[in-house]
Amino acid sequence: MSAVPISYYLVLSAILFGLGVVAFVFKHNIITIYMAIELMLNAVNLAFVAFARAHNQLDGLVFVFFVIVVAAAESAVGLAIILTIAQNRQSLNVERVNQLKF
Amino acid sequence: MEFIAQHPVLVASLVKIVVLLVILMTILAYLSWFERKIIAHIQSRWGPYYVGAHGLLQPLADGIKFLFKEDLTPPASDKLLYILAPFLALTLAMTTLALIPFGPATVSIFGHQTHLVVANVDIGLLFLFAITSLGVYGVALAGWSSNSKYSLLGGLRSSAQMISYEVSLTLSVVGVLLLAGTFNFNELVTSQQGYYFHFIPRWRIGPQFIGFLCYFTAAIAETNRAPFDLPEGEQELVGGFHTEYSSFKFAMFFMAEYANMVTVSCLATILFLGGWLSPFPERWTFMQYLPAVSLLALAVYLAYDTAVNMRGIARFQLAVVTVLAGGLGFLCLLPGVMPVIQGPFWFTFKMGLLLFFYVWTRSTLPRLRYDQLMSFGWKLLLPVSLLNLVMTALYVIFPLLVKRG
Amino acid sequence: MSLPFILFFVFAFFAVVGAILLIVAREPIHSALALIMVMVALAALYLLLGAEFVAAVQIIVYAGAIMVLFVFVIMLLNAGVEERTNWSKLAKYAGLPLGVFLLFELTHWIARSAVGKSIANGSEATNAAVSTRALSEMLFRKYLFPFEATSILILIAILGALVLAKRDE
């Protein structure tokens, strides 16, 4: 078996997760921050699939399936919320929507 | 040469890719000729007639025109996305054709027995839907990057239409998957072998007729063709998402649309019409001469046409076409070629039938308004596809239920 | 340097480049395209790991539906240009090298630990792809309740999105 060692995939997953955190912390636009969340979810999915292959079990893949489905549901609702916020505050800058009182 | 002997699969794949690309580009070019001729004849006129004999060189003339037109770029547009969008659309549309099998495993290239397919993927159908669902980006990015109101509205409408009908498209196919039990294209076709009462072919359009109707309607809407082509109709939105595109990028969008049509027709023939299977029973071995006979009949008709109707340069051009047709006909009579040509011949015939149907609906039916289009997709087509799926599932599971209780 | 290694590095390179472009891009639409590139690269990596169905689902659902939703919202809201903030000197000259060093340290200790060695061997892993039938059997037998619960979750999400996006009449 000349397959790639699984630890390579785990390191890649860690790199992507770290880059997702950096994007989450440093960006202003709400939508870009949301995309950083999706990047972090993807990195975690990669770790799940890598472990599923390492232990030769299918549970990891089923979990990836559920993560993708939940991410879809969450994106729909989250983007609807973002649309409403953008209409109310007329701005997509996250520093201008940091108060509950309008 | 030893490279070829050591890596037969790789070289065979390269050969198949080249052959597929050449045939595909020719089909895309001549599909525009086919469409214009048929629309014209339905409307009691002739269509392209003068450029070559019977207008056969019209696609070449159109290609040259597209190459030499001025290539404008809107000044405030997003340059990267503006150039990326047509490439994306065309690449995705042409990639799907690598998954489709055109014939059974009768050919052996460089000693490697292979189906006539570039990539035999185990989950071929799922992958095809994956690539089709990425095709929305070509349209959406084209509309956005042109920095024009018409383009943005057209792009948004078109992509909303595509993602709405994609759901019905996928659901209407699941009935076939339930009956066949596999995603692999080759097995989907071979599971349709056999005949009811020894002469009616066991194609899946019989049990899944509603599925076929839903699939084809969703496919026409998915590829943005009439009567669902409001986003790109000239009378409504100037040009829709390709208003600001000129010359070669515009040609790429057109080729992408035709390639999508071809892909969807190929998928319909594989799933519902039996792919490369012949409709005649296996015992009728004389039907193997049908490709050769039809090509030779075409050559005879063209010879008559050349001798009687054509004048001047058109006569010479049509004579060339006659000789080509006759040559192909005689080629199909060779004992080495005849078993190989059966599968692709029937596949092309069924695909041509579906493409003719596409062009027929374009020239016959009026255009649907956008809200009518969306309500049709969500309120009628989706419930019907779901109903088809539920009924098929009940049919499949019924023996198990009866056994249990 | 066998073919799986080359493929892994190519797709890993695309994934990391996409993530960096997500951070660096000035317009949200470019960030969205970078994220799509990351997702397609990850789908290719799932194929390398033998999970065909998950790769196809990733492209159909994630890259083909969720990201389309993102692109629509960006186009509808006409999300403007990201303001460019100059990174402080501390972030540039201390933060970045420290981050890279942390990454190397983590990789080193993961590779040397017992878990890391066993995973790197991959001795339990076969090279066969996971069949869709096995995955679906597990999904519908062992995980049937979560499956049905997620379908209710999606229904709730649809209702929520509809209510939120409805204009007040």
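A residue is taken as buried if 20 or more other C-beta atoms lie within 10 Å of its own, as exposed if 12 or fewer do, and as partly exposed in between, with the C-beta atoms placed from the backbone. By this criterion, 31% of the 169 residues of chain C count as buried. The structure is a predicted model, in which local features need pLDDT of at least 70 and side-chain atom pairs count only at pLDDT 80 or more, whereas totals for chains, interfaces and linings use all residues. Residues are numbered from 1 along each chain as its sequence is written, and chains are lettered from A, with ligands numbered from 1, in the order in which they are written.

Chain C has seven helices and zero strands, where helices (H or I, at least four residues) and strands (E, at least two) are DSSP runs numbered from the N terminus. Two residues are in contact if their C-beta atoms, placed from the backbone, lie within 7 Å. Among the contacts in chain C with a separation of 6 or more, 55% join residues 24 or more positions apart.

Between chain C and chain A, the contact involves 67 residues of chain C and 57 residues of chain A. On the side of chain C that touches chain A, two or more residues are given by each of α1 (3-24), α2 (28-48), α3 (52-77), α4 (89-112), α5 (114-121), α6 (132-141) and α7 (144-165) of chain C, and the largest share, twelve residues, comes from α3(C). This side comprises 53 nonpolar, eleven polar and three charged residues, where Ala, Val, Leu, Ile, Met, Phe, Trp, Tyr, Cys and Pro count as nonpolar, Asp, Glu, Lys and Arg as charged, and the others, Gly among them, as polar.

Chain C also meets chain B, in a contact that takes 16 residues from chain B and 13 residues from chain C. The side of chain B that touches chain C draws at least two residues from each of α5 (124-134), α6 (136-145) and α7 (149-180) of chain B, with the largest share, six residues, coming from α5(B). By class, 14 residues of this side are nonpolar, one is polar and one is charged. Of these helices, α7(B) has 32 residues and reaches 47 Å from its first C-alpha to its last, close to the 46 Å expected at 1.5 Å a residue, the expected span being 1.5 Å times one less than the number of residues. A kink of about 25 degrees in α7(B) is centred on Val174(B), the bend at a residue being the angle between axes fitted to the seven residues ending there and the seven starting there.

In chain B, the domain assignment, whose bounds come from an automatic or database source, gives domain 1 (2-277 + 342-404) and domain 2 (279-333). The centres of these two domains, taken over C-alpha atoms, are separated by 28 Å, and nine residues of domain 1 of chain B are in contact with nine residues of domain 2 of chain B.

A nonpolar core is a set of buried Ala, Val, Leu, Ile, Met, Phe, Trp, Tyr and Cys residues joined through C-beta atoms within 7 Å. In the largest such core, of 172 residues, Leu39(A), Val49(A) and Met67(C) touch the most other members. The helix that gives the most to this core is α3(C), with 17 residues. Both domain 1 and domain 2 of chain B give residues to this core, so it lies between them.
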